[in-house]
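Thanks for coming, everyone. Please have a look at it first.

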Amino acid sequence: MTSEARPEAAVRNERLRLRLRSIRTFGQRFAARPDGVIGVVVLIFFSILAIAPSFFVGDLQTVTSASGLPLDPPSLGHLLGTDELGRDILNLTVHGTRISMVIGLLATVITIVLGALVGILAGYVGGRTDTLLMRVTDFFLVLPTFVLALILAPIILDLVGSGSEVFGIRVTLIVIVVVIGITSWASTARIIRSQTLSVKERAFVGRARVIGSGGGHIMWRHILPNVMNLIVANTVLVFGGAILTETTLSFIGLGDPFAPSWGEILNAAESAGAMGLGAWWYVVPPSVCIVLVVLAFTLVGSALDDVLNPRLRVRR
Amino acid sequence: MTEPVTDPVRDPVLEAQAIIRGRRQWPLPRQADPNAPLLVVEHLTTRFKMAGGSVKAVDDVSFTLNDGEALGIAGESGCGKTTTALSLVRLLPGNGRIGKDSSVKLFGIDLAKKSEDALRRYRWREISIIFQGAMNALNPVRRINEQIAEPIELRLKANKADALKRAGELLELVGIPARRGQAYPHELSGGMRQRAMIAMALACDPAVVIGDEPTTALDVMVQAQILELLERLRRELGLSLILITHDLSVIAETCDRVMIMYAGKVAEEGAVSVIFTTPATRTPRS
Amino acid sequence: MGSRYLVRKTLGAIFTIFLIVILNFVLFRMMPGSPDRILLRNPNLSAEAMAAVRARWGLDKPLLPDQLVDYLEATAAGDLGFSFKFHGESVTDVLADRIWPTLILFGLGEILAVIFGLALGAYSGWKRGGAVDYIGNGLSLILYSMPYFVIGILLLGIFAVGLHWFPTSGMLTIGGNNDTFASQLLDFASHLFLPLMTVAIGLIGQYSILMRSSVIETLGEDYVTTARGKGLSSGKILRSHALPNALLPAVTLIAINLGYVIGGAITVEVVFNWPGLGTLTVQALEARDYPVLQGIFLLLSVSVVLANFAADLIYGRLDPRVRA
């Protein structure tokens with residue numbers, strides 16, 4: 001009946017209003033942090049490049065479509081010089097943006113989803129499930145995950161066979177994504193579990209249980225929104241870490257020469273002996289991009305953390 | 001020991017002053033005026049610089065403490081009582097400042113005008129503090145007796161063995177067996193920790209002891225024990241005490257005079273017997 | 001130190017190492033596609049060699065429990081198999097050859113980084129807001145965002161290739177005429193310098209950021225106010241009260257960090273062609289020399305567990321609250 005419909009709509013409108021207001025407050029507080037703002041600007045810049053690299057520099061150059069002489073220093077025709085196959089470094093670097101960022105993004109998604117799942121489950125359900133999950137998590141924390149990633153990648157590659165594509169992404173890269181995800185979720189899980197434990201103690205969770213809400217419902221509707229702040233701040237930092245890990249894995253040879261990420265470009269540079277030959281232009285652009293992006297993620301992540309999870313500062 | 005100017009038989013304040021000052025382990029500070037009252041605070045104002053401006057936590061507070069007296073400072077949370085006490089020795093966080101017109105005269109020496117280095121010499125030796133929440137106020141990685149001995153060793157220039165011995169004596173004084181001094185703070189119960197804090201505050205035989213909510217975090221039985229201890233020490237040692245608490249019953253039991261604060265200002269002041277029967281303003285009950 | 005704490009940590013370490021060994025087994029024997037595709041995929045092996053390997057590793061026997069038991073026995077006895085790439089050398093020998101260069105590089109690097117990083121961080125945390133603080137913090141942040149090999153390439157480019165102050169690769173000059181021990185040592189040192197600086201610089205950033213925030217947090221604690229109230233000098237407060245407490249999270253994080261640093265150390269060796277476990281890893285990866293990779297995984301993982309164990313012991317010494 002209409003008398004019941006109106007309060008419903010009123011509640012919805014109220015919720016929307018509150019949400020918009022909290023978004024605006026967040027925006028204001030975040031804008032007050034210069035380091036966070038700089039980070040966001042840098043990330044937007046690289047995201048634009050990643051979305052449409054061909055728009056800026058044309059298609060990714062290959063051996064056959066190389067446009068210049070091998071190892072040519074920067075010139076008007078090639079602003080960042082060429083690699084040992086004659087490909088334009090600017091072209092490679094811009095395309096590398098998309099590959100590095102996409103790998104980072106996918107790996108982050110896996111890490112966060114796995115970490116949040118384990119964290120919330122362990123924190124909310126507690127008891128033996130918690131102990132078991134935490135043992136597994138602690139094991140993964142102690143394990144040098146980079147070494148594990150190093151071992152897993154070639155095994156999976158050998159089993160699955162490289163060279164094919166899945167959803168338009170080359171298998172080699174998928175393997176890297178999966179491997180990073182598998183080996184990085186543990187610290188996220190720990191962090192989220194802590195937060196879940198404290199959210200669990202709050203009154204509204206007790207009330208929800210009293211009225212008979214199921215565990216899954218509570219975890220989805222009550223726990224998750226309240227750990228979301230932490231998840232968001234953590235995601236940004238994980239993203240930066242994923243890019244670093246991917247870069248390192250590619251550098252030691254697990255990358256894909258046909259879809260070169262920044263790390264893979266540096267690997268190729270190393271193999272070609274770029275530094276020994278003085279071809280600094282080969283090495284500097286991807287390095288600078290890596291440092292800028294990771295730095296940006298770190299700055300944004302810590303600014304977000306401060307804004308979303310304010311800690312009581314008793315003194316000073 | 002100099003002769004007071006007025007007749008000691010007639011004036012109990014000066015009589016107490018003579019006895020207590022005569023009992024001191026260490027001589028008065030060199031700049032002290034032997035005739036001056038123990039502590040005279042005038043127009044104490046403390047400001048904190050914050051992001052939006054400055055906040056006056058303590059606003060023109062004045063009071064006097066005589067030898068052997070127990071002054072209670074009461075008020076609801078946030079009224080500025082702890083800040084008032086900490087301002088006496090300028091133990092403020094980085095953004096806190098005392099007003100220019102404030103004066104804190106200990107034996108006539110204005111501590112408010114002293115530089116940080118000069119002021120340091122009066123801390124603990126003349127004015128010591130029993131902090132709230134002993135678990136956090138004690139260093140978790142050092143033994144209790146070492147922490148009590150620390151000011152004895154460093155401020156009174158004793159050697160380590162003597163300092164530890166004295167720490168043991170102090171612990172016995174507050175009802176903790178001396179050998180328990182080897183323990184770390186987390187190994188003691190809440191009540192014992194608070195006693196250890198009291199022992200530590202007495203280490204240098206100070207003129208004034210400030211108790212900042214010394215019983216607040218404890219349960220009622222232990223609270224009673226601690227108050228009893230403070231009373232006993234007051235009688236035996238002639239302590240001059242400033243007791244800060246939001247619990248008026250504690251003040252009624254232990255203090256001679258009380259000062260009630262509200263929003264940084266003094267709302268009422270007077271003898272406990274008077275204030276507790278005829279309140280002048282309506283202060284919210286805590 | 002309480003014996004319960006000690007026993008708990010020791011059992012934990014042993015259990016973790018056991019799990020690692022099992023994991024090793026699972027990875028290389030139980031993955032779908034049978035061990036053949038992975039372990040024996042090397043074209044350099046003749047048919048007889050392959051048969052010999054199959055026999056020795058018992059690949060024809062059922063996986064559990066026979067192969068597992070054999071594997072556990074062999075590992076406990078120190079037999080980690082034989083390398084493909086290095087023409088049948090035992091994996092143990094291959095690893096033993098290359099472990100010392102890595103230990104020296106990495107060990108010295110950690111020591112330098114711990115000393116200077118913690119000192120720098122403590123100073124920044126103490127003198128908050130000073131020029132050292134801002135510059136140090138900014139620099140640390142940038143270094144933290146740089147992969148180790150980028151730092152290495154930078155140093156290599158500037159000091160070795162550009163300025164010719166240091167050699168560009170290897171550990172010793174091949175064919176050099178260094179007969180005296182002193183000149184050999186000097187040669188070694190000049191090769192060691194740049195990779196060592198790379199490792200140290202990369203780590204110093206992390207440790208100083210950590211120590212700085214730890215000191216800042218410690219200085220906000222109540223017992224520091226007590227110490228100030230006691231009239232102690234700033235130096236005394238820092239040394240006796242702030243630092244001993246600020247070091248605690250530092251010790252923990254240095255230990256946890258070791259696992260992550262290994263990745264960086266590997267890449268540094270590649271950049272400088274330092275003949276340690278890092279370059280071995282890359283070579284083994286290229287050649288899909290799984291026995292060697294398996295051995296490296298085992299070695300590095302166990303090392304990290306042992307290092308964490310050592311850190312737990314040190315932490316137990318420093319913090320009386322955990323000694324049950």
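A:D256 sits in the loop between helix 9 and helix 10 of chain A. Helices here are DSSP runs of H or I, at least four residues, and strands are runs of E, at least two, numbered from the N terminus. This is a predicted model, where local features need pLDDT of at least 70, side-chain atom pairs count only at pLDDT 80 or more, and totals for chains, interfaces and linings use all residues. Residues are numbered from 1 along each chain as its sequence is written, chains are lettered from A and ligands numbered from 1 in the order in which they are written, and side-chain values use heavy atoms, with hydrogens and water left out.

Is A:D256 buried or exposed? A:D256 is buried, because its relative accessibility is 3%. The cut-offs: buried is under 20% relative accessible area, exposed is over 50%, partly exposed is in between, with a 1.4 Å probe and protein chains only.

What does the side chain of A:D256 reach? There is a polar contact with the side chain of A:T172, at 3.3 Å. A polar atom of the A:D256 side chain also lies 2.8 Å from the backbone nitrogen of A:F258. A polar contact is a pair of N or O atoms within 3.5 Å; within protein, one must be able to donate a hydrogen and the other to accept it, and residues adjacent in sequence count only if both atoms are side-chain atoms. Leaving out residues up to four places away in sequence, A:D256 touches A:R170, A:T172, A:L173 and A:E264. Contact means heavy atoms within 4.5 Å.

Now charge pairs. Over all chains, the structure holds 25 salt bridges. The rule is a side-chain nitrogen of Lys or Arg within 4 Å of a carboxyl oxygen of Asp or Glu. Take A:E14 and A:R17, which pair at 3.2 Å, N to O. Both lie in helix 1 (residues 2-31) of chain A, three residues apart, about one turn of the helix. A:E14 is partly exposed, because its relative accessibility is 37%. A:R17 is exposed, at 52%.

Chain B has its own examples. B:R232 forms a salt bridge with B:E236, the closest N and O atoms being 3.6 Å apart. These two are about one helical turn apart, because four residues separate them in helix 8 (residues 220-237) of chain B. There is also a network of salt bridges that links B:R142, B:E146, B:E150 and C:K230.

Next, chain A against chain C. The contact takes 36 residues from chain A and 46 residues from chain C. How many salt bridges cross this interface? The rule finds zero. One residue pair is in polar contact across it, both at pLDDT 80 or more. On the side of chain A that touches chain C, helix 6 of chain A gives the largest share, 12 residues.

Finally, the core. The largest nonpolar core has 149 residues, and A:I252 is one of those with the most contacts inside it. A nonpolar core is a set of buried Ala, Val, Leu, Ile, Met, Phe, Trp, Tyr and Cys residues joined through side-chain atoms within 4.5 Å. Beyond its neighbours within four places in sequence, A:I252 is in contact with residues including A:F146, A:L150, C:I266 and C:L285. Another core lies apart, with 85 residues, among them B:L111 and B:L156.
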